[in-house]
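I opened the file to look up charges, ring pairs and backbone angles.

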Amino acid sequence: MSVTRSTFDEVMVPCYNPLPMVITHGEGSYLFDSNDHAYLDFTSGIAVNCLGHHHKKVCKIIKKQSKKLLHVSNIFVNDKTLTLAQKLVQKTPFTKVFFQNSGAEANEAALKLARRRAYDLYGEDKYEIISFLHGFHGRTLFSVNVGGQEKYVKGFGPKIDGVTHLPFNDIQALKNAISDKTCAIMLELIQGEGGILPVDPDFLQEVVKLAHEHNALVIVDEVQTGVGRCGTFYAFEQFGFTPDIMTSAKGLGAGLPIGAVLTTDDIAKHFSVGTHGSTFGGNPLACAVGSYVVDTISDPQFLAEVRRKGEILKKGLEDISERYSCFKEVRGRGLLVGAELTGKYENNGAVIQKLCAENDLFILLAGGNVLRLAPPLNISEEDLNLGIQRLAMAIASFAPEAQHK
Ligand SMILES: *Cc1c(COP(=O)(O)O)cnc(C)c1O
């Protein structure tokens with residue numbers, strides 16, 4: 001039985017519009033389609049495959065664990081889940097972990113935890129959440145409502161009550177909006193889907209100060225920025241503070257689904273027995289791989305390499321822009337890099353993404369106007385430079401007149 005891209009249109013729900021090829025396997029920083037054609041992968045499954053594809057050690061761990069235990073549920077503890085939780089606690093300032101299977105679920109749990117704590121300590125009126133325009137926190141009804149994109153929420157019935165969206169990095173708007181009814185402020189330190197938009201350090205300082213003055217929690221969504229992506233184990237380390245709750249997912253399983261909520265004892269205690277749960281959350285297979293990911297990526301030398309390669313990537317993009325005047329700005333940290341299009345390239349992100357694929361390079365977009373590059377964290381310098389060359393070729397082949405649909 002054979003499948004093609006048109007099989008997607010026949011049998012799958014149409015909420016995506018995937019590229020024309022059917023991917024069958026991967027190797028290192030490359031993906032291969034059903035014709036065995038190789039593409040350089042600067043998407044990493046949307047910042048997930050942090051160690052690339054067909055990573056020998058990851059495969060070995062999966063094979064070994066599959067013979068031991070795939071799943072037991074949370075009515076038992078198991079060695080692999082406990083080990084990953086222990087590692088996360090050792091390598092961060094947090095003291096408690098709750099596992100989920102995805103970023104949206106981790107954020108859902110974090111938001112529920114913040115509401116539950118406020119309810120326990122201050123009563124039922126303190127449930128308001130402040131979040132930011134262009135933020136993205138996942139697609140469950142609660143997490144998508146906290147995200148700052150109206151188009152993702154419209155048409156799904158009544159909105160979640162008590163969520164306020166403010167302009168990102170606007171201190172005055174925050175001062176005006178926060179009150180004693182606020183139970184949490186949720187943000188990304190670099191808005192990923194929103195366009196690789198970094199938080200302003202002065203603004204972040206106000207977020208923390210105002211939240212704590214109002215007995216509210218700061219929830220940082222590190223689903224995309226975490227696990228080495230920005231060149232430190234978690235991005236908050238670069239901002240000189242510790243969130244009250246942090247969420248992690250994407251890269252944590254190197255391709256297996258996992259999500260985690262990290263917090264303190266004092267906050268965690270409000271998720272008492274029976275208040276929240278998950279059947280699959282923290283399954284031993286994903287956690288066995290997660291432990292290897294944490295050991296590998298938290299290594300200071302590995303992280304220094306991510307930062308070094310991030311600089312090479314940014315420099316490469318700036319050089320392309322000098323030749324073609326295509327980018328208004330190149331920004332980001334580590335190997336999470338955005339290039340905002342300008343001039344004749346403006347708002348042609350999807351066209352450039354297609355041209356990249358024609359030049360054997362897969363890239364991501366953040367909105368319609370920012371190219372988002374997130375290669376595997378262990379990509380070789382050679383492959384990184386090859387990707388930059390291919391991107392330059394895609395930009396060179398862009399002709400707005402010819403591309404108009
Ligand atoms: C991808 C992403 C999510 C959602 O994660 P899923 O695993 O798709 O549910 C949430 N927050 C941020 C910042 C993300 O980048």
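**Entry 1: a lysine patch**

I looked up Lys 64 and found it in helix H3 (residues 56-68); helices (H or I, at least four residues) and strands (E, at least two) are DSSP runs numbered from the N terminus. For the record, this is a predicted model, in which local features need pLDDT of at least 70 and side-chain atom pairs count only at pLDDT 80 or more, while totals for chains, interfaces and linings use all residues. Residues are numbered from 1 along each chain as its sequence is written, and side-chain values use heavy atoms, with hydrogens and water left out.

Lys 64 has a relative accessible area of 56%, so I list Lys 64 as exposed. My cut-offs are buried under 20% relative accessible area, exposed over 50%, and partly exposed in between (1.4 Å probe, protein chains only). The areas come from the Shrake-Rupley method.

Lys 64 gathers with Lys 57, Lys 60 and Lys 68 in a surface patch of positive charge. A patch takes residues with over 30% relative accessible area and no salt bridge, and joins like charges within 9 Å, or nonpolar side chains (Val, Leu, Ile, Met, Phe, Trp, Tyr) within 5 Å. Lys and Arg count as positive and Asp and Glu as negative, with His and the chain ends not counted. Each charge is placed at NZ of Lys, CZ of Arg, CG of Asp or CD of Glu.

**Entry 2: salt bridges**

How many salt bridges does the structure hold? I noted 17, a salt bridge being a side-chain nitrogen of Lys or Arg within 4 Å of a carboxyl oxygen of Asp or Glu.

I looked up the bridge between Lys 96 and Asp 265, at 2.5 Å from N to O. Lys 96 is in strand E4 (residues 96-100) and Asp 265 in helix H9 (residues 265-268), so this bridge ties together parts 169 residues apart in sequence. Lys 96 is partly exposed at 36%, and Asp 265 is partly exposed at 38%.

I then took Arg 372 and Glu 193, whose side chains meet in a salt bridge of 3.1 Å, N to O. Arg 372 sits in strand E17 (residues 370-373) and Glu 193 in the loop between strand E8 (190-191) and strand E9 (197-198), so the pair ties together parts 179 residues apart in sequence. Are these two residues buried or exposed? Arg 372 is buried, with a relative accessible area of 3%, and Glu 193 is buried at 19%.

Glu 381 and Arg 308 form a salt bridge of 2.9 Å, N to O. This pair links distant parts of the chain, 73 residues apart, with Glu 381 in helix H13 (residues 381-396) and Arg 308 in helix H11 (residues 300-324). I list Glu 381 as partly exposed at 36% and Arg 308 as partly exposed at 36%.

I also noted a salt-bridge network that links Lys 328, Glu 329, Arg 331 and Glu 340.

**Entry 3: aromatic rings**

My search of the whole structure gave 9 aromatic pairs. Rings of Phe, Tyr and Trp (its six-membered ring) pair if their centres lie within 6.5 Å; planes under 30 degrees apart count as stacked, over 60 as edge-to-face and the rest as tilted.

Why is the pair of Tyr 39 and Phe 362 called stacked? The ring centres of Tyr 39 and Phe 362 are 4.4 Å apart and the planes are at 20°, so the pair is stacked. Tyr 39 lies in strand E3 (residues 38-41) and Phe 362 in strand E15 (residues 361-362), so the pair ties together parts 323 residues apart in sequence. Tyr 39 is buried at 7% relative accessible area, and Phe 362 is buried at 7%.

Phe 132 and Phe 203 have ring centres 5.4 Å apart and planes at 80°, so I list the pair as edge-to-face. Phe 132 is in strand E5 (residues 128-132) and Phe 203 in helix H8 (residues 201-213), 71 residues apart. Phe 132 and Phe 203 are both buried. Ring pairs link Phe 132, Phe 168 and Phe 203 into a cluster.

**Entry 4: backbone angles**

Most residues other than glycine have a negative phi. I noted that His 54, not a glycine, has a positive phi of about 50°. His 54 lies in the loop between helix H2 (44-47) and H3, and is partly exposed at 39%. Ser 73, also not a glycine, has a positive phi of about 75°; I found Ser 73 in the loop between H3 and helix H4 (79-91).

Technical notes: Areas by Shrake-Rupley, 256 points an atom, 1.4 Å probe, with all protein chains shown as cover.
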